[in-house]
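Please keep the sequence and the model in view while reading.

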Amino acid sequence: MESLDALLEKAPTLVKGTSTLDELSEAEAELLGRRSVVAELQRGIGRLPPEERPAVGRAIQEARRTLGNLIETRRRRLETESERLMLASDRVDVSLAALEYQEGYTHLITSTIEEVCDIFIGLGYRVVGGPEAESGIYNFDALNTPPTHPSRLESDTLYLDWGDPADEILLRTHTSPMQARYMEKHDPPVYVVVPGKVFRADTPDATHSPVFHQIEGLAVDENLTFSDLRGTLAYFAREFFGSERRIRLLPNFFPFTEPSAEMHASCFSCEGGGQCRVCGGVGWIELLGCGMVDPNVFEWVGYDPSQVSGFAFGMGVERIAQVRHGVSPLRHFFDNDLRVLSQFR
Amino acid sequence: MRVSLNWLADYIDLEPSQPEEIAQVLESLGHEVEETERLAPDFGRVVTARVLEVEAHPRADRIRVCRVTTGGEPQTVVCGAWNFDAGATVAWALPGATLSGGTEIGRRSIRGVESNGMICSERELGLGEDAEGILVFDSGIPPGEDLAGFESLTDTVLDLSITPNRPDVMSYVGVARELAAYYRVDYRSPEPAFPLVDARPRIGITVDDPSGCYRFVSREVRGCQVSQSPFWMRTRLRASGQRPISNVVDITNYVLLELGQPIHAFDLEKLGGEGIVVRRAYPGERLTTLDGVVRDLTPSDLVVADRQRASALAGTMGGGASEVTASTTEVLIEAASWDPPTVLHMSKRHALRTEASARFERGVDPALPPVAAARAAELVSGLAGGEALAEVTDVVAREDRLRPVTIDFELREAERILGPGFDAPRVTDLLSRLHLGADGEDPIRVEVPTFRPDLTRPIDLVEELARLWGYNNFPERVPRGPGGGRSVSQRRTRTLRQALCGLGFSESVSLSFMRASEIEIWGWDEEDERALQIHLKNPLRDEESILRTTLLPGLLRVARYNHSHGLDEVAVFELGRVFLDRPHQVLPKVPDQPERVGLLATGRLGGSGLGVTRRPVDFYTVAAVWRALSHQMDLGGWRLEPVEAAGWHPARAARLLLDGRPVGIMGEVHPAVVRRAELSGRVIAMELDLDPLVADRRHWQFRAPSVFPPYTFDMAFEAPEDLAADDLLSATGEAAGDLLESARVFDEFRGEPLGRGRKSLAINYTLRAPDRTLSSEETGEALRSMAEAARAVGAQLRGEL
């Protein structure tokens, strides 16, 4: 038994002195192997008197457990260390872009339309679309635009060589025809936004394109006033350009609204004055045209203008995107240069 | 319309008259100020001087020697201009003066005569374009005054953009009237007073076309002397953007700007015969207008003619033959009211937009012609020394146009559109300030003067109330709609777009046109749906002359654009309408214009990186894109079948059938198309109808994953080359029945030892039951029936089961 005590005494030094798993295996063989003191004592147990056997047996088991724990603890320590060394040699350059996924980008026109629609959806509007090849009836007549109006001239509007000439089939010059088309098919209340392509007889240059995009808004209900128009546009300006925005309305003229206005938002980039890229130092940015729906439009679609009122607005998608992100000239929206597309978010 | 604030002060007293404030007020009233320009002399040490003597230069023929004085000792100045004589008041740049643009003037000898400074032209002082002669002042201006101190030269000019509904504001008096309404002050309008002579007018007036001419006023002035107009008038006209010409012509422009009534002056002696007639032009008639252009007229043109020929395009431009020139002495002043659409038509047809037509096409107050003619006669007699005849010819062809409109205005109208607060006192106050008659409580009887042709309905008055009250003085309120948001197909379109972006495709937006050369590249024939082209009636360029019948030319254009900028790997898609020459199914009056989704890719696709081998795009790429889309969009029940179509690779293109209906084509673009588009390598593309992809679908149903072990195995089949892998998969899949969890082709092989026209397909299957571990009897039975099903479609199992 003295030998067992001696063994237990020297074992910790022996085990903790190992520095590799191999050395630990050697130590394990020495302490618990077939030639170890413990094994010898075990083998000699049969030669002891029967009454001593249980006590010796317990002592041997105790010693085995102690030694086993000692070795296991050391083994885990050595394994952890060895893995640490192995992982350390597997170091990467974290700054290296060794792999890139191919990303695709949503066009700025689309993401702008989606964002504006989301803002109005939050106010309870419905998103609707409509034909791009339209008739003069919806593009002009329904919208209180007389046959002699200059906007109907071939210098402004693109006409199609199609259909009955009396129908004046054309490429819609604004998203407003959907005002008439929607009201014709639905009873009030009407709260809709209409995003889409529109067309003008313009050759492409820095600020013109024969195709661009608009978002029309129309609200018709029982008690809508000029204040509702103001409030709605101010809400939009704050949501789209930032919570600090204020708006101003300046009187303007459109055939299908009265009163008509042009909406400006306070510049988000400066305090007014100086050389601002966005507003030119004016402090205000012209954003869109709007107004109260003209009674003639209501009459055309069969609404009673003495019972309902409403407002409408139309904004240029490229325009508001351009104001916010500085994309210029206009052709960058339509060239689809991947170096430009990959900037869009 | 350029408004000089110096000139404007003739008609309204503004205190305090800060230009910025006036600009803001005008904007708040709806008259956009496009530019605010400050005018100030940029010369120094230039004074007015009297010319005492003018003598020939002893050694030069073209220049003269002048003695000039500012009141003190006369000095010698050499001058090359000849448009003045002794007694004239001129602008003298003293030695040490600086001229416009920075030229410094000294004392120098000119061919032996010492010149003390110089006598200046308008151009040298930056006052105008005139460099023909020197600037000669009106006789009333004393010598010795510093020119830089002339008040009329320091001015602010507001460039106003007047909306088409407000012709009444296109004049100084009109602008003053608007400001008067805002500031609650009075404005002044000229009240012509001048000596008259009693004599019968020589020219009679006949209006043959009352539809085009509402009123025609003519006044004759005799014994005029055409010369330069006075300095003050030239300065005002220049500030307002008009080039001074001669006193009589300048007066017509002056009255036009002052009152808004265009005036025309004829040289009375050049009018043939004793009468003027307003009539439609004869077919084949010609007129040389003041700008020297010979114009071919048609009966849609309205002309002012003498007995022999047309002498002016009504309300647009005068003719050269009856033009007022330096030798004119007898002047006929025309002030008329023309039908706006007629003038608009003529100015568009002749591409001739003048100050006159810009006003007439919007509508000039028919009450103005007599006033304007009198004002012009007053100025001509005062400035050109003429005698105005007392008798005025005033032909009113349309009496109805002269009657003011009355509108019964219910206060309810104002409240309904503008909200509370617009009661009788406020409304009456606002209307009166706008110079409208307002009588009664509710309804208010409103009398609209003839200068406001835009006010005919109660709603027009509502706008006026809002405008003068101030658009920005209304409170803000945000109404809420009943909801609705995006429709199912709009939401699914968004999913489709996001899926395509996720697969590495970028969205492009192209113009909706194609051109003839692009159609040739694709080479489709008459029978093709893509040949159902719609042409523009009035295209501006070849590029935008035909509406696109397919998205692919636009996408190819994008690839081409990027290639030419050194970007060889292009993966783009577009969502948009194409236009087909057939009626829309729901809206038969407009053409069919279905929405499509198209995509196109060149080069390689997918993630890239160190040691990553990327596959060049080919048919299998586009098919994989479609399969991914079909998963993202939850589209089952589709199938691809080989197709041969113009512009597509004859052996590498497929038609997509969704629920048995064709929805489009995908595959490789024909190499010839690729070559013609100056691209290289394989180009893949897809174009599908959007509606069937985004239509409302049945909802997918959950299947609980089985907890029992799978039975996974491979089968290799030998089959004819034209057996579609899909057919083999569905035949064997059907045979496996409910047990089939997945089946995937992992190898396709052609060549030896298989015979010609044969191929081998290796498929990995997984069978699994939801409620039990499959027994060897069950799997054996499944394999046998799968092999049998394969045989039925022509595929032999290779090797033993």
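Which residue stands opposite Arg126(A) in strand 5 of chain A? The residue is Val192(A). This detail, like those that follow, is taken from a predicted model. The two residues belong to a pairing in which strand 2 of chain A is joined by 2 bridges to strand 5 (residues 190–199) of chain A, the two strands running parallel. In general, the strands of a sheet pair through backbone hydrogen bonds, in either a parallel or an antiparallel sense.

In chain A, 7 strands form an open sheet in the order 2-5-6-10-9-8-7, with mixed pairing. Strand 2 (126–127) and strand 7 of chain A each have a single partner strand and stand at the edges, so one side of each is left without a neighbour in the sheet.

Attention may now turn to the loops of chain A. Pro188(A) and Pro189(A) are joined by a cis peptide bond, with omega about 5 degrees. Pro189(A) is placed in the loop between helix 7 (177–185) and strand 5 of chain A. A cis peptide bond also leads from Ser328(A) to Pro329(A), where omega is near -5 degrees. Pro329(A) is found in the loop between helix 10 (317–325) and helix 11 (338–341) of chain A. Asn336(A) lies in the loop between helix 10 and helix 11 of chain A; the phi of Asn336(A) is near 60 degrees, a positive value in a residue other than glycine.

Chain A is divided into domain 1 (2–88) and domain 2 (108–341). The centres of domain 1 of chain A and domain 2 of chain A, taken over C-alpha atoms, are separated by 87 Å. For chain B, the assignment gives domain 1 (2–40 + 154–183), domain 2 (44–153), domain 3 (196–402), domain 4 (405–470), domain 5 (488–694) and domain 6 (711–797). Between the centres of domain 5 of chain B and domain 6 of chain B, again taken over C-alpha atoms, the separation is 34 Å.

Two strand arrangements in chain B may be examined next. Strand 7 (residues 107–110) of chain B pairs with strand 8 (residues 113–116) of chain B in the antiparallel sense over 4 bridges. Arg108(B) has Ser115(B) as its bridge partner in strand 8 of chain B. The two strands form a hairpin with 2 residues between them, and Arg111(B) in the turn has a positive phi of about 50 degrees.

The other arrangement in chain B is an open sheet of 4 strands in the order 41-42-40-43, with antiparallel pairing. Its edge strands are strand 41 (740–749) and strand 43 (796–797) of chain B, each of which pairs on one side only. Strand 40 (residues 711–720) of chain B is joined to strand 43 of chain B by 2 bridges, and these strands run antiparallel. Within this pairing, Glu718(B) has Gln796(B) in strand 43 of chain B as its bridge partner.

How do the two chains meet? The contact takes 100 residues from chain A and 92 residues from chain B. Between them, chain A and chain B bury about 7,900 Å², with 56% of this area on carbon and sulfur atoms. A strand pairing also crosses from one chain to the other: strand 1 (residues 99–100) of chain A and strand 35 (residues 608–609) of chain B are joined by 2 bridges and run antiparallel. In this pairing, Leu99(A) stands opposite Gly609(B).

Side chains of opposite charge can pair when their charged atoms come close. The interface of chain A and chain B has 11 salt bridges, and over all chains the count comes to 82. One salt bridge is formed by the side chains of Glu27(B) and Arg248(A), at 3.8 Å from N to O. Glu27(B) lies in helix 2 (residues 19–28) of chain B and Arg248(A) in strand 7 (residues 247–254) of chain A, so this pair joins two chains. Glu476(B) and Arg238(A) likewise meet through their side chains in a salt bridge, at 3.9 Å from N to O. On the side of chain A that touches chain B, helix 8 (residues 226–241) of chain A gives the most, with 9 residues. The residues of that side divide into 49 nonpolar, 28 polar and 23 charged.

How values were computed. Residues are numbered from 1 along each chain as its sequence is written. Chains are lettered from A and ligands numbered from 1 in the order in which they are written. This is a predicted model: local features need pLDDT of at least 70, side-chain atom pairs count only at pLDDT 80 or more; totals for chains, interfaces and linings use all residues. Side-chain values use heavy atoms; hydrogens and water are left out. Domain bounds come from an automatic or database domain assignment. Contact means heavy atoms within 4.5 Å. Buried area is the accessible area (1.4 Å probe) that two parts lose on being put together, summed over both. A salt bridge is a side-chain nitrogen of Lys or Arg within 4 Å of a carboxyl oxygen of Asp or Glu. Ala, Val, Leu, Ile, Met, Phe, Trp, Tyr, Cys and Pro count as nonpolar, Asp, Glu, Lys and Arg as charged, and the others, Gly among them, as polar. Two strands pair if DSSP finds at least two bridges between them.
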